[in-house]
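Thank you all for coming; I would like to take a few minutes to walk you through one model. Please have a look at it first, and then I will go through it region by region.

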Amino acid sequence: MKATLLLSFLLLGTLPGLSGADVQEDIRRLTQVGPEGAGNEAASEAWKNVAGAGPGALALVLGQTGKTGAVADNWLRLAGNVIVDRALKSGGKLPLAELETFVRETANLDAARLLAFDLLAQADPAKAKALELTLTDDPVQALRRGAVAHLISAAAALEGEAAKKAYQDALRVVRDEDQTKAVAEALRKMGETVDLPKHFGFITRWDIIGPFDNTERKGFDAQFGPEKDRAMASKYEGKTGKVSWKQYESTDEYGKIDFNKPLTPLKDATAYAMASFESHEEREVELRLGCKNAWKVWVNGVLLFGRDEYHRGQRMDQYKLKCRMRQGANTILVKCCQNEQTESWTAEWEFQLRVCDSTGTALLSSSSLFDGLKPDSKPNR
Amino acid sequence: MRSLSMCRSFFRFTAGVSLACLATAAPLRAADWPAFRGPSHSGHAADAVIPKEPKMSWSAKLPGRGLSSPIIVGDKVFVTAADGAGQEKLQVLCFQKRDGAPLWTRQLTATGRTMTHVKTCVAASTPCSDGRLVFALWSSNDLAAFDLDGNLVWLRGLTADYANVSNSLGMASSPVVVGKTLVVVIENDSESYSLGIDTATGRNVWKLERPRSANWTSPVPLPARDGAPEGVLLQSAKGVLAVEAATGKKLWEFGPSASSMSSSLVEGGVVYVPAAGITALALPAAGKEPATVWNARQVNPSTISPLLLKSRLFSVNNAGILTMAEAATGDVKWKLRLTGPFSGSPVGAGDRVALVSEKALVQIVDANAPEGAVLGQLQLPLNAQTKELTLCTPALSGGQLFVRTDSTLWCLTE
């Protein structure tokens, strides 16, 4: 947060009986909460002071939000929530203009901007709504959503070329699945082509290998060749004999990689999919996964996360895995286990994975594992 | 600055005192409905009167989705909800009991996953109270304690603590207070625990590894008796485990299986477990295992939790058949077809049972009638645009019956 903004925002006269330094110390205690409730006693005590400090403390609350973790952010958020609530009930003055300015300043941390917006919405819903309509390109997806909804509504009220242009403008900024779907459907009805896998950044071309064993669901913990062999051989011992990598390209609009197609429908089976992602630069990215089977994901040999759950549901962006890509080629490895269940709703053995930034904006690989390869050749790893 | 420091010390002192006070259990009032299935955890309230022909007393708009039950503490009604594109905005709302006037709203942000099956939602767990604090839990495994005036006392992000605690269909177990311990069940297919949490501080008192299996049942308090300490019953697909509430130490267990959706109830020294229909177990003395009193396969609560009212056991299946059985024997006395389907559990008071169908038809049943009989009905309006359903278990307080949907909190009276 810029110091000038903070100072203009900080109204020390409204801090009853406490100095700005005192409130800062109390806010620091809120940010010191740790795992399993560590620090809760001190935070509980400090929270009362912060919540009671009045609107002048909002700048300090916002200044620390987003710096130490989501749980600490909720302590701060609830303090801000109560400060605004009390000011509204007592007729106290709230720094609405400063909150708006804070939201507009995209250099501020995402979580802090979102809190500032929510506090503004709590204090003055009309002002927040007006602000929201201007946030079409906002890097915080939750802030962008309302503006995009407005664009879609406005496009729906138009006809002909004007409508098409309005939807095309909306497609440029839309990120959420439901809103993107609505825009794509409208454009397609007008004869336009929309490449959804590209829009979302789904990786559709993978090398696939399997089946390996998953009897008694032991495959999730078992380390088969592709996850323990960093050099990556072309063949491994599978569940029923030697298995080798196969190239597979999904034509699914939402990038679903269905192992039942290349490997045939199987039960008690584990498979792997590998892709290379060429990044122009070293950077933070999000790998967003949807999967209703047990799964693990590695990037450049480092395990990001895994989940041993079967057939409880799948949706796009179900899991958001933050990681740092290096410049050049990055290897993404996905493990996907199918269990023993035979009900019709347990047939799926699939995943969908996209690479994007924290807003959900697609990041596309600058080359593919398949590029320059003959159909039967071993991928160059 | 000296005066400021003194002032600050005073604040710290008073805050410390109040925190210490919070550690002392506050007596709940007779008309309170402080948890899922009320003060008895069996679905009935001794002092409540269910309106024979319910009419709308007041309603209040809710800002987010929810199927958790309202709870009542003193003159306040508390409701949880979840709003936002991904249900990431977690809310606790407080209303005045007599007229539904909104008193306060608190909102935090989900720190865990918010994906659920479309029929359920993130605000599925009913909050609970010890009479002084309200404890709210959401499917994202965010857990918050507020005092009755909406002041935050502590917070936990249980997915931040245990990264693989979640269920892609949604979590739904409702927490319960036993003594000074808040018992929270966060059991699922992956990282699976039940926690005993200090009500005053939010810190773990105990943590049990539990079967790695999806579980939506709620823990039930076990009274101290025959040398056995106050306990809590943890139910899962593998059966039930009774542990000491203060320590988490095992008291006894029963298996090999039980429902992972319909919760047990405890009344008069007997535990009624949704297992192979209903299995009644005699609460054992310290160090002993429970004996089976009876088993009734024909009393099948399906996904809905049973009700015990004046030595009669009621269960309703999803299709709408209400079954009454003698609690002493499990013998079925009558079955009554109601207008279903149902997701919420029945509640009772006096000789009446109240049920609310998914389509918001409130049905009051005379439990004394020889074959059971519907005394009165009230159709609540639902939001057709959002296709909302009524999935909650009602709450009772005095002569008031409380029901919530995604959009509205209803108070019904005679």
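What you see is a predicted model, in which local features need pLDDT of at least 70 and side-chain atom pairs count only at pLDDT 80 or more, while totals for chains, interfaces and linings use all residues. Residues are numbered from 1 along each chain as its sequence is written, and chains are lettered from A, with ligands numbered from 1, in the order in which they are written.

Chain A is divided into domain 1 (3-132), domain 2 (141-194) and domain 3 (200-356), with bounds that come from an automatic or database domain assignment. Taken over C-alpha atoms, the centres of domain 2 and domain 3 of chain A are separated by 32 Å.

Turning to the two chains, 35 residues of chain A are in contact with 38 residues of chain B, where contact means that the C-beta atoms, placed from the backbone, lie within 7 Å. On the side of chain A that touches chain B, the elements giving two or more residues are α3 (40-51) and α5 (70-90) of chain A, these helices being DSSP runs of H or I with at least four residues, as strands are runs of E with at least two, numbered from the N terminus. The largest share of that side, 10 residues, comes from α5(A).

In chain B, 4 strands form an open sheet in the order β14-β15-β16-β17, with antiparallel pairing, and strands pair if DSSP finds at least two bridges between them. Its edge strands are β14 (220-222) and β17 (250-254) of chain B, each pairing on one side only. Strand β16 (residues 239-244) of chain B is joined to β17(B) by 4 bridges, and B:Val240 stands opposite B:Phe254 in β17(B).
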